[in-house]
Amino acid sequence: SSGATQSKFAGPTNTTFDADNNRLFVSDFTNNRVLVFDTTSITNGENATYVLGQPDFTTVSAGTTQGKHRNPSDTPYDPTNERLFVTDSGNNRILVYDLSLGITNGMNAANVLGQTDFSGGGTGTAANRIFCNSLACGADYDTTEERLFVADYENDRTIVFDLSGGITDGMNATNVIGRSDFSSGGCGITQSGQCGPRSVIYDSDEKRLFVSDLLANRVLIYDLTNGVTNTMDASAVLGQASFTASSLGTGMGGLNSMRGMAVDSDNHRLWVADGNNNRALMFSFAKISAADGSNVLPAATFGQPYSHTLNTN
């Protein structure tokens with residue numbers, strides 16, 4: 001059941017681990033907060049150490065201020081600069097917390113992206129706006145190039161912020177992927193388009209960006225070896241037989257309402273949470289590298305048997 005206590009969640013949507021400081025960040029979506037756990041030692045049902053987005057562990061009200069959240073959904077972390085990024089989906093913004101001096105309950109964010117200031121929560125298609133509409137907008141941070149990738153769900157695009165020169169409130173994204181420019185919108189089921197991107201993850205070793213294109217039931221893969229360019233084509237697709245297909249899939253080559261993703265660079269694997277198929281899929285980088293836009297079968301499944309007929313019982 002839902003409830004705002006120091007140890008309970010209501011609709012958690014994402015976790016991020018800070019290995020340097022043994023901290024686990026959990027986006028507690030419905031409670032409008034992010035909980036921080038000290039993982040030096042772990043016990044079942046342990047209490048969170050800190051809370052962000054609320055002044056204490058019992059308050060759950062949403063807000064559009066420097067210290068409040070509205071449906072936070074993702075929490076990428078920058079270990080070099082000790083910055084936590086929170087995609088504050090209900091407010092169509094990304095809050096940036098400077099944790100270099102530690103964490104205090106209900107502390108203010110240092111910067112905001114997607115809005116010009118901390119009081120704004122409106123939508124837009126400009127280079128300095130995102131449009132989540134209370135849905136889970138995903139994000140990931142590239143520690144090598146200091147880039148923040150944001151899945152801009154309702155705008156059918158992924159935007160890229162270059163943070164190598166620092167962060168200023170309401171700054172423009174540097175690049176857009178999935179649209180022809182920052183002012184256009186609309187679902188595009190093509191090699192250069194996107195349709196409801198839900199989550200993103202970047203593999204710095206292989207220099208590839210993975211985008212779960214939710215409404216097209218596919219994962220798009222972008223080769224960023226030579227950097228990011230606006231309107232760049234995806235290099236491969238998972239979940240569909242071509243870049244122009246978008247059907248729901250229940251067989252081994254299909255996807256249906258994907259959630260989060262994870263990259264295992266050491267073992268050259270991509271993991272995809274295939275939500276409505278009640279399974280997680282593991283893809284081999286070797287198969288992905290050989291893709292030319294045709295369907296790539298996963299190397300293994302979890303939660304269901306590896307077969308072309310799903311067993312959802």
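**View 1. Arg147 and the ring of Tyr202.** In this predicted model, the charged end of Arg147 is placed over the ring of Tyr202, 5.4 Å from the ring's centre. Arg147 also stands opposite Asp162 of strand S12. Arg147 is buried, on one side of strand S11 together with Phe149 and Ala151.

**View 2. Strand S11 and its two faces.**

**View 3. The hairpin of S10 and S11.** Strand S10 (residues 139–142) pairs with S11 in the antiparallel sense over 4 bridges. Tyr141 is found opposite Leu148 of S11. The hairpin has 4 residues between the two strands, and Glu146 in the turn has a positive phi of about 55°.

**View 4. The hairpin of S11 and S12.** S11 pairs in the antiparallel sense with strand S12 (residues 157–162) over 6 bridges. Between these strands lie 4 residues, and in this turn Asp156 has a positive phi of about 55°.

**View 5. The aromatic pair Phe210 and Phe285.** The model contains 6 aromatic pairs. In the pair of Phe210 and Phe285, the ring centres are 6.1 Å apart and the planes are at 20°, so the pair is stacked. The two residues are 75 residues apart in the chain, Phe210 in strand S15 (residues 208–213) and Phe285 in helix H1 (residues 285–289). Both Phe210 and Phe285 are buried. Arg208 lies over the face of Phe285, 4.8 Å from the ring centre.

How values were computed: Residues numbered from 1 in each chain as written. Predicted model: local features only at pLDDT ≥ 70, side-chain atom pairs only at ≥ 80, totals over all residues. Heavy atoms only, no water. Buried < 20%, exposed > 50% of the residue type's maximum accessible area, 1.4 Å probe, protein only. Pairing = 2+ DSSP bridges. Phe/Tyr/Trp six-rings, centres within 6.5 Å; stacked < 30°, edge-to-face > 60°. Lys NZ or Arg CZ within 6 Å of the ring centre and 35° of its normal.
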